[in-house]
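I opened the notebook to record what I looked up in this model. The entries follow the order in which I checked things.

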Amino acid sequence: MRKLQITNWCHEMIRSQVPKGGLYVDATMGNGNDTFFLCEMAGSGGKVLAFDIQPPALEATRTLLKTHNLTDKAELVLDSHENMDHYLDAETADAVCFNFGYLPGGDHRICTRPETSLLAVRKSLTILKKGGLLSLCIYSGGDTGFQEKEALLDFLKTLPSRKYTVIANEYLNRGNHPPIPVFVWKESDLPDPLI
């Protein structure tokens, strides 16, 4: 039996809940695994925008996509996810994917931070279409600490239930502060004073 990793679980949820051929956002590009998955979801008619602040992340992602002939599916943006609204209009994305923490194999001192991550999540909720899905892989402990996890979960608890459905999952039988996969569905177009 294979061990189900958090990213696999998030991909399965996106695959089952989001239409193919849409507009998708990888807010934390890293080594490009989420970008690659979203490019496959995009098919011939969709598009992916992927963000990261580190040039090695863009290079690794570009190499991965080139290997699979998917470079035309994605626009790789060297910018912070907190600026995604400079590249995307409101209510245009079918899915936004976050994988918080640091670039695997990279400098652990360069990692997502509570302030910018909260701002990016707020903006992603505005960018999501009605019926869109926000997927978050939230890590804690070790190099990333607990502040970001607590800030994100506290914010998500405040989202109005008439507009959003928020489901947080947890591994009950894993030690060492396992990651938490969280999914947010945008249910309606009601105005939201929090965003």
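**Entry 1: surface and overall make-up**

I began with the surface: the protein exposes about 9,800 Å², and carbon and sulfur atoms supply 50% of that area. I noted that the model is a predicted one. Of the 195 residues in the protein, 50% are buried.

Next I looked up the helices and strands. The protein has five helices and seven strands. Reading along the sequence, I wrote the pattern down as α-β-α-β-α-β-β-α-β-α-β-β. I then checked contacts between residues at least 6 apart in sequence, and 74% of these join residues at least 24 apart.

**Entry 2: the sheet**

In what order do the strands of the open sheet lie? I read the order as E3-E2-E1-E4-E5-E7-E6, an open sheet of seven strands with mixed pairing. The edge strands are E3 and E6 (164-168), since each of them pairs on one side only. From one strand to the next, the twist averages 15°.

Strand E1 (residues 23-26) pairs with E4 in the parallel sense, over three bridges. Aspartate 26 stands opposite cysteine 97, which is in E4.

Then I turned to the helices that meet the sheet. Helix H1 (residues 6-17) packs on the sheet and touches E4, E5 and E7. The direction of H1 makes about 170° with that of E5. Helix H3 (residues 55-67) lies across E2 (47-52) and E3, and H3 runs at about 165° to E3.

**Entry 3: salt bridges**

I reminded myself of the general point: side chains of opposite charge can pair when their charged atoms come close. For the count I took a side-chain nitrogen of Lys or Arg within 4 Å of a carboxyl oxygen of Asp or Glu. How many salt bridges does this rule give? The count comes to five. I looked up several, as follows.

The side chains of aspartate 85 and lysine 123 meet in a salt bridge at 3.1 Å, N to O. This pair links distant parts of the chain, 38 residues apart: aspartate 85 is in the loop between strand E3 (74-78) and strand E4 (93-99), and lysine 123 is in helix H4 (residues 114-127).

Lysine 186 lies in strand E7 (residues 180-186) and glutamate 91 in the loop between E3 and E4, so the pair ties together parts that are 95 residues apart in sequence. Are these two residues buried or exposed? Lysine 186 is buried, because its relative accessible area is 2%. Glutamate 91 has a relative accessible area of 39%, so glutamate 91 is partly exposed.

The side chains of aspartate 94 and lysine 129 form a salt bridge as well, at 3.3 Å, N to O. Here aspartate 94 is in strand E4 and lysine 129 in strand E5 (residues 128-138), so this pair too links distant parts of the chain, 35 residues apart. Aspartate 94 is buried, because its relative accessible area is 9%. Lysine 129 is at 32% relative accessibility, so lysine 129 counts as partly exposed.

Methods: Residues are numbered from 1 along each chain as its sequence is written. This is a predicted model: local features need pLDDT of at least 70, side-chain atom pairs count only at pLDDT 80 or more; totals for chains, interfaces and linings use all residues. Side-chain values use heavy atoms; hydrogens and water are left out. Helices (H or I, at least four residues) and strands (E, at least two) are DSSP runs, numbered from the N terminus. Buried means under 20% relative accessible area, exposed over 50%, partly exposed in between (1.4 Å probe, protein chains only). Two strands pair if DSSP finds at least two bridges between them. Axes are lines fitted to C-alpha atoms, for helices over the stretch in contact, and angles run from 0 to 180 degrees between N-to-C directions. Contact means heavy atoms within 4.5 Å. Accessible areas come from the Shrake-Rupley method with a 1.4 Å probe; for residues, only the protein chains shown count as cover.
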